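Welcome! Please take a moment to look over the sequence and the 3D view below, and then we can walk through some pockets and helix pairs together.

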Amino acid sequence: MNIAVDVGNTLTKFGLEERGVVLSSFEWSTNSNQRKDELLRELKRFLSPFLSKDIDFQAILSSVVPSLSKEYVKALEEITHKKVTIVGPGLKTGLALYVDHPKEVGADLIAASIGALKYGKGNLFIADLGTASKYIYLDKEGRFAGLSIAPGLDISAKVLSEKGAALPSFAYEIPPSPLGKNTLDCLKSGLIYGTYFEINGFKNAFEKIANHSLTCFLTGGNASFLAPLFPDYFYKENLVLEGLFSILKRREIHD
């Protein structure tokens, strides 16, 4: 059984996979102050149905929070009794990085890209909506060929609330129209439809660069709020986890 952990700036996602099937996934708020013992308790709570059985575990980790990486490695190695695969410089993932500085490409971006390559060989567009909104382009050969990074929904909403004293906070939901008729719907329209137009704008721009239509994916912690607006996109909640499991499988084959 395989364990994948993706540590993001806002959320940490945990998944279990066996024989190519994602059995379950969970997520919790990232706390950069947590240490091994706390993480171990959290992981064991999710793994409790399996720990009493004679199961061979393998684990893989991607993290954009360096202070937590070592703590997760220690916790996962105590559970699996094996070395944890860490996505980072030097790890052969099978993804070609066609950018100026390959070492700058984050582990989560690599995992999301490999997850998308399960469904298409190339000419892919990924809108990964987390703390930041990342718009990834995989070229016709399936190479990671660049991306754009913009403030995510949470950041934009927080700035609106903090800088606009008279503006209320609000829940994420699609307003009835892009043209708001009251303050709340105007705020929702600007955030939700603004992100909608941003996503399609980058997709159209990347298609011009590629000179080809792109197969589009929607993923990330905030993607579920926008998925109804994108019927032509593949909404993949666990795209990063799928990519991590693919990397782990590749290593098992080549080791």
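Which helices and strands each supply at least two residues of the lining of the largest pocket? They are strand 2 (11-18), helix 3 (107-116), strand 7 (132-138), strand 8 (144-151) and helix 7 (239-254). As you explore, keep in mind that this is a predicted model.

## The largest pocket

Let's stay with this pocket for a moment. The space in the largest pocket comes to about 740 Å³. Its lining is made up of 36 residues, and those closest to the centre are Asp-6, Asp-108, Asp-128, Gly-130 and Lys-134.

Next, turn to the second largest pocket, with a volume of about 260 Å³. Here 16 residues form the lining, and Gly-88, Pro-89, Pro-102, Val-105 and Ile-110 are the ones nearest the centre. Sorted by class, the lining of this second largest pocket holds 9 nonpolar, 5 polar and 2 charged residues.

Now for the helices. Two packed helices are described by the angle between their axes and the distance between the axes.

On the helix 4 side, Leu-153, Ser-156, Ala-157 and Leu-160 make the contact, and they meet Leu-187, Leu-191, Ile-192 and Thr-195 of helix 5. These contact residues comprise 6 nonpolar and 2 polar ones, with no charged residue. The crossing of helix 4 and helix 5 is right-handed.

## Helix 1 and helix 2

Another pair to look at is helix 1 (residues 36-51) with helix 2 (residues 66-80): their axes lie 9 Å apart, at an angle of about 40°. That angle makes helix 1 oblique to helix 2. Helix 1 and helix 2 also cross in a right-handed way.

Which residues build this contact? Helix 1 contributes Lys-36, Leu-39, Leu-40, Leu-43, Lys-44, Leu-47 and Leu-51, while helix 2 brings Leu-68, Glu-71, Tyr-72, Lys-74, Ala-75, Leu-76, Glu-78 and Ile-79. By class, the residues in the contact of helix 1 with helix 2 are 10 nonpolar and 5 charged, with no polar ones.

Definitions and conventions:
Residues numbered from 1 in each chain as written. Predicted model: local features only at pLDDT ≥ 70, side-chain atom pairs only at ≥ 80, totals over all residues. Heavy atoms only, no water. 1 Å grid on protein atoms, 1.4 Å probe; cavity = no way out; pocket = protein on both sides within 12 Å on 5 of 7 lines; lining within 4 Å. Points joined across faces, edges and corners; volume = space filled by probe spheres on them. Helix = DSSP H or I, 4+ residues; strand = E, 2+ residues; numbered from the N terminus. Nonpolar A, V, L, I, M, F, W, Y, C, P; charged D, E, K, R; others polar. Left-handed = near helix turned anticlockwise from the far one by under 90°. Contact = heavy atoms within 4.5 Å. Axes fitted to C-alpha atoms, helices over the stretch in contact; angles between N-to-C directions. Parallel < 35°, antiparallel > 145°, perpendicular 65-115°, else oblique.
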